[in-house]
Amino acid sequence: MNDTRADFLAVARLAATLLREPSLESAWTKASALAEFSVGGLAGHLAFQVLAIPQIIREPIPAEPTITLLDHYARVQWIDAALDDDISVRIRTGGEQLAGDGPAVLADELDAAIAQLESDLSTAPDRAVRISLWGPWSLMLDDMLVTRMMELAVHADDLAVSIGVQTPVFPDRAVETVVDLLTRLAMRRHGQTPVLRALSRAERSPASITAF
């Protein structure tokens with residue numbers, strides 16, 4: 001198993017521990033730290049990042065063109081979508097649907113998917129895969145796992161803040177992969193100089209270099 005796959009599984013396991021936190025159940029229907037998401041819906045969206053993978057690696061190789069990781073983020077609709085845009089509503093609805101049976105069931109489903117992927121990812125070829133919600137293109141499997149690793153890391157923090165627990169401490173190598181992706185996206189959005197200043201010059205740091 002290569003580093004990307006091992007790191008994805010490590011991040012998934014740590015993110016999954018949040019679904020076993022005692023404070024999650026009492027907060028389930030409350031508003032989360034992420035706008036318009038309930039805590040349960042956010043937990044469902046977090047779990048989706050793993051739950052989607054076993055299915056897509058079993059589907060036939062897609063006919064849609066395979067693009068690069070950064071090209072993917074130039075195409076996804078959600079990246080600039082408003083909270084009430086269709087794609088944003090669909091994402092929240094999907095999270096709520098996955099959360100419909102409560103935290104214990106969702107935690108069991110996530111743990112089972114991680115266990116399945118521990119086997120599947122040890123032998124799966126790095127071939128084209130896709131999530132149909134995105135649009136008419138594919139990614140190589142390892143690039144797909146980088147996108148899911150980023151989502152898991154970011155939304156684990158959202159969920160931890162929402163239920164008042166510490167954000168998991170992920171392996172350094174995995175975080176380096178996520179930060180590299182976010183930095184590249186931030187540079188594309190804001191330009192080189194703002195990102196350089198934010199990382200090196202507090203006196204000239206811009207108000208924001210967020211990737212999204």
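Author: The lining of the largest pocket divides into 19 nonpolar, nine polar and five charged residues. (Ala, Val, Leu, Ile, Met, Phe, Trp, Tyr, Cys and Pro count as nonpolar, Asp, Glu, Lys and Arg as charged, the others, Gly among them, as polar.) The model is predicted: local features need pLDDT of at least 70, side-chain atom pairs count only at pLDDT 80 or more, and totals for chains, interfaces and linings use all residues. Residues are numbered from 1 along each chain as its sequence is written, and side-chain values use heavy atoms, without hydrogens and water.

The largest pocket has a volume of about 810 Å³. (A pocket is an open set of points on a 1 Å grid over the protein atoms alone, where a 1.4 Å probe fits, with protein on both sides within 12 Å along at least five of seven lines; lining residues have an atom within 4 Å of a point. Volume is the space filled by probe spheres on the points.) In total, 33 residues line the largest pocket. Nearest its centre lie Phe37, His45, Trp78, Ile91 and His155.

Now the helices (DSSP runs of H or I, at least four residues). Four of them each supply at least two residues of this lining: α3 (39-56), α4 (69-75), α5 (86-98) and α7 (141-163). The biggest share comes from α5, with eight residues.

Helix α6 (residues 103-120) packs against α3 at an angle of about 30°, with the axes 9 Å apart. (Axes are lines fitted to C-alpha atoms over the stretch in contact, and angles run from 0 to 180 degrees between N-to-C directions.) So α3 is roughly parallel to α6. (Roughly parallel is under 35 degrees, roughly antiparallel over 145, roughly perpendicular 65 to 115, and the rest oblique.) On the α3 side, the contact (heavy atoms within 4.5 Å) uses Ala43, Gly44, Ala47, Val50, Leu51, Ile53 and Pro54. Their partners in α6 are Leu106, Glu109, Leu110, Ala113, Ile114 and Leu117. By class, that is 11 nonpolar, one polar and one charged.

Helix α1 (residues 3-16) also packs with α3, at about 135° and with axes 10 Å apart. The two are therefore oblique to each other. Here Phe8, Ala12 and Ala15 of α1 meet Leu46, Gln49, Val50 and Ile53 of α3. This contact has six nonpolar residues, one polar and no charged.

Next, α7. The axes of α7 and α8 come within 9 Å and cross at roughly 100°. That makes α7 roughly perpendicular to α8. From α7, Val146, Met149, Met150 and Ala153 take part. From α8 come Ala174, Thr177, Val178, Leu181 and Leu182. Eight of these residues are nonpolar, one is polar and none is charged.

The second largest pocket has a volume of about 320 Å³. It is lined by 15 residues, and the closest to its centre are Ala153, Val154, Val178, Val179 and Leu182. Two or more lining residues come from each of α7, α8 (172-190) and α9 (192-200). The most come from α8, with six. By class, this lining has 13 nonpolar residues, two polar and no charged. Ala153, Val178 and Leu182 belong to the contact of α7 with α8, and these residues are also among the closest to the centre of the second largest pocket.
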